[in-house]
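Subject: Structure handover and notes

Dear colleague,

Please find below the structure that I promised to pass on. My notes on it follow directly after, with the cut-offs spelled out where a term first needs them.

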Amino acid sequence: MDGQWYDADAGPLVRPYAMTGGRTKPGPHGVRFDLIALVVVDGDGGDAAAESLLGPEHRALLGLCRSVTQSVAELAADADLPVGVVRVLLGDLLEGGHVKVSRPVPPARLPDERILREVIEGLRAL
């Protein structure tokens, strides 16, 4: 052994509560992030100077969102962070104007399946 007392299998050296400053809810406004809510970097929000003041976990989430729009669940998996931590960090990024979040459409607002079938049949008839 080379004297190291930790390895990649040991997990993160920083506890989740340290990443969120002990918070368990995202932002002061009580924003709720569904697992399927889509997150994208806001092109108008935040400059490089403001982004440099963010923590490493915040910057990692921004980096993941920069290339492609991702859901909260995908971000948690890609960043290898618990979903609760990702929700708190996204609340910070949303409050700072760094990201935009689009919420999923509630099932009650989706079109009726019968209408969709009629549209498909109409398209096939063309």
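Helix α5, which covers residues 83-95, has 13 residues and reaches 18 Å from its first C-alpha to its last, close to the 18 Å expected at 1.5 Å a residue (the expected span being 1.5 Å times one less than the number of residues). Helices here are DSSP runs of H or I with at least four residues, strands are runs of E with at least two, and both are numbered from the N terminus. The buried residues of α5 are V85, V86, V88, L89, L90, G91 and L93, where buried means under 20% relative accessible area, exposed means over 50% and partly exposed lies in between, with a 1.4 Å probe and protein chains only. Just after α5, G97 takes a positive phi of about 80°.

Before going further, a word on provenance: this is a predicted model, in which local features need pLDDT of at least 70 and side-chain atom pairs count only at pLDDT 80 or more, whereas totals for chains, interfaces and linings use all residues. Residues are numbered from 1 along each chain as its sequence is written, and side-chain values use heavy atoms, with hydrogens and water left out.

As for the chain as a whole, its secondary structure comes to six helices and three strands, which follow one another along the sequence in the pattern α-β-α-α-β-α-α-β-α. Of the 126 residues in the protein chain, 25% are buried. Among the contacts with a separation of 6 or more, 75% are between residues 24 or more positions apart, a contact being heavy atoms within 4.5 Å.

Packed helices are described by the angle between their axes and the distance between the axes; here the axes are lines fitted to C-alpha atoms, for helices over the stretch in contact, and the angles run from 0 to 180 degrees between N-to-C directions. The axes of α4 (residues 72-79) and α5 come within 9 Å and cross at roughly 110°, which makes α4 roughly perpendicular to α5. For that wording, angles under 35 degrees count as roughly parallel, over 145 as roughly antiparallel, 65 to 115 as roughly perpendicular and the rest as oblique. In this pair, V72, L75 and A76 of α4 meet V83, V86, R87 and L90 of α5.

The axes of α3 (residues 56-67) and α4 come within 10 Å and cross at roughly 120°, so α3 is oblique to α4. The contact is made by L61, L64 and C65 of α3 together with L75, D78 and A79 of α4. P56 also lies in α3 and is exposed, with a relative accessible area of 52%, while its C-alpha atom is separated by 9.1 Å from that of M19, 37 residues apart along the chain.

In the loop between α4 and α5 you will find D80, which has a positive phi of about 55° although it is not a glycine. As background, most residues other than glycine have a negative phi. At 68% relative accessibility, D80 counts as exposed.

Turning to the sheet, the three strands form an open sheet in the order β2-β1-β3, with antiparallel pairing, and two strands are taken to pair if DSSP finds at least two bridges between them. Because β2 and β3 stand at the edges, each with a single partner strand, one side of each is left without a neighbour in the sheet. Strand β1 (residues 38-41) pairs with β2 (residues 70-71) over two bridges, and the bridge partner of L38 in β2 is S71. Four bridges join β1 to β3 (residues 99-102), where V41 has V99 as its bridge partner and V40 stands opposite K100.

The faces of these strands can be described as well. In β1 the covered face holds V39 and V41, and the uncovered one L38 and V40. Helix α3 lies across β1, β2 and β3, running at about 95° to β1.

Best regards
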